[in-house]
Amino acid sequence: MSNKIGIIGDGHVGSTVAQQLILTGLVDDLVMIDVNEAKVRADQLDFQDAMANLKHHTTITINDYSALKDADIVISAFGNIELEAGGERFAELNYNRERIGDIAESIKKSGFNGILLAITNPVDAITNMYQELTGLPRKHVIGTGTLLDTARMKRAVGERMNVDPRSVEGFNLGEHGNSQFTAWSTVKVLEKPITEVAKAKHLKLEDLNDEIKFGGQTVYKGKQYTNYGISAAVTRLVETIQSDAHTEMPVSNYQEKYGTYLSYPAIVGRDGIIQTVELTLTDEEEKKLQSSAATIKEKANK
């Protein structure tokens, strides 16, 4: 059975996601779509030139929405990151809202009935729009959410504790944006709660908050875009869906309790969001989550 994936948006993120999927052999048939015909055609040829030296073969189709009909996964990676120069992901909302209607209509018209993954910012609001516009089940429309913010948290904690970031457990929750936060009560390292370890090592967890929250800005300031961290997150999400792994991940999924898409751990597999998870948060963390949900809804409705 072949794996077919569509990527809409061939910018820094879309092309890096395409490269990771091709290199890892996660995609047999790739559909790349972008309004910049010359760029997407150039990337198609560049990838084809690479095939003779790669372990896996991928057939690449460009700018054909009808080819999405039998795709397993469609990834939305379009956007304009230059609008986020001030550090606010909602700065892209109007630009992307103007484009999402036609894109969602084209996806719907193709007959696509798989899993839709949104990277496009502001990702929680955009994921919500995709679900409403395509009519796909909520469990089949997922945003990358704080999967990247959580990875940044694990990197920061791992550095302080001198452990591999994969040995750090826990989550960042809420908006993939300035109202997201690390739920420190969920974080565990060296088989102990981080709060306990931090106390013993005289580490102030609040000192890590800004580094985690604004990590993307540090990357952006250095090269005017971000791509590797988010592409790794998407690739992991794709692999989780394809292998029906039933992995717990902090992705943007619809939360009835908060009335919006936001990041909260959910079990992910071939059928999208398989099951929701119930965290036991502190009162302060619960307030932060409610505040983050309110921020998403308020800004999306403006």
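Before the helices, one definition: an axis here is a line fitted to C-alpha atoms, for a helix over the stretch in contact, and an angle runs from 0 to 180 degrees between N-to-C directions. Please keep in mind that this is a predicted model.

I'll start with a pair of helices. Helix α1 covers residues 12–24 and helix α2 covers residues 37–50. Their axes come within 12 Å and cross at roughly 20°. Angles under 35 degrees count as roughly parallel, and α1 and α2 are therefore roughly parallel to each other. What is the hand of the crossing of α1 and α2? That crossing is right-handed.

Now the residues in that contact. From α1 we have Ser15, Ala18, Gln19 and Ile22, and these meet Lys39, Asp43 and Phe47 in α2. Sorted by kind, the residues of this contact divide into 3 nonpolar, 2 polar and 2 charged.

Next, a sheet. There is an open sheet of 3 strands, in the order β7-β8-β9, and the pairing is antiparallel. Which strands sit at the edges? The edge strands are β7, residues 169–173, and β9, residues 192–193, each of which pairs on one side only. Strand β8 spans residues 181–189, and its antiparallel pairing with β9 runs over 2 bridges. In that region, Val189 stands opposite Lys192 in β9.

Helix α5, residues 147–161, lies across β7 and β8, and runs at about 135° to β7.

Key
Residues are numbered from 1 along each chain as its sequence is written. This is a predicted model: local features need pLDDT of at least 70, side-chain atom pairs count only at pLDDT 80 or more; totals for chains, interfaces and linings use all residues. Side-chain values use heavy atoms; hydrogens and water are left out. Two strands pair if DSSP finds at least two bridges between them. Helices (H or I, at least four residues) and strands (E, at least two) are DSSP runs, numbered from the N terminus. Contact means heavy atoms within 4.5 Å. Angles under 35 degrees count as roughly parallel, over 145 as roughly antiparallel, 65 to 115 as roughly perpendicular and the rest as oblique. A crossing is left-handed if the near helix is turned anticlockwise from the far one by less than a right angle, and right-handed if clockwise. Ala, Val, Leu, Ile, Met, Phe, Trp, Tyr, Cys and Pro count as nonpolar, Asp, Glu, Lys and Arg as charged, and the others, Gly among them, as polar.
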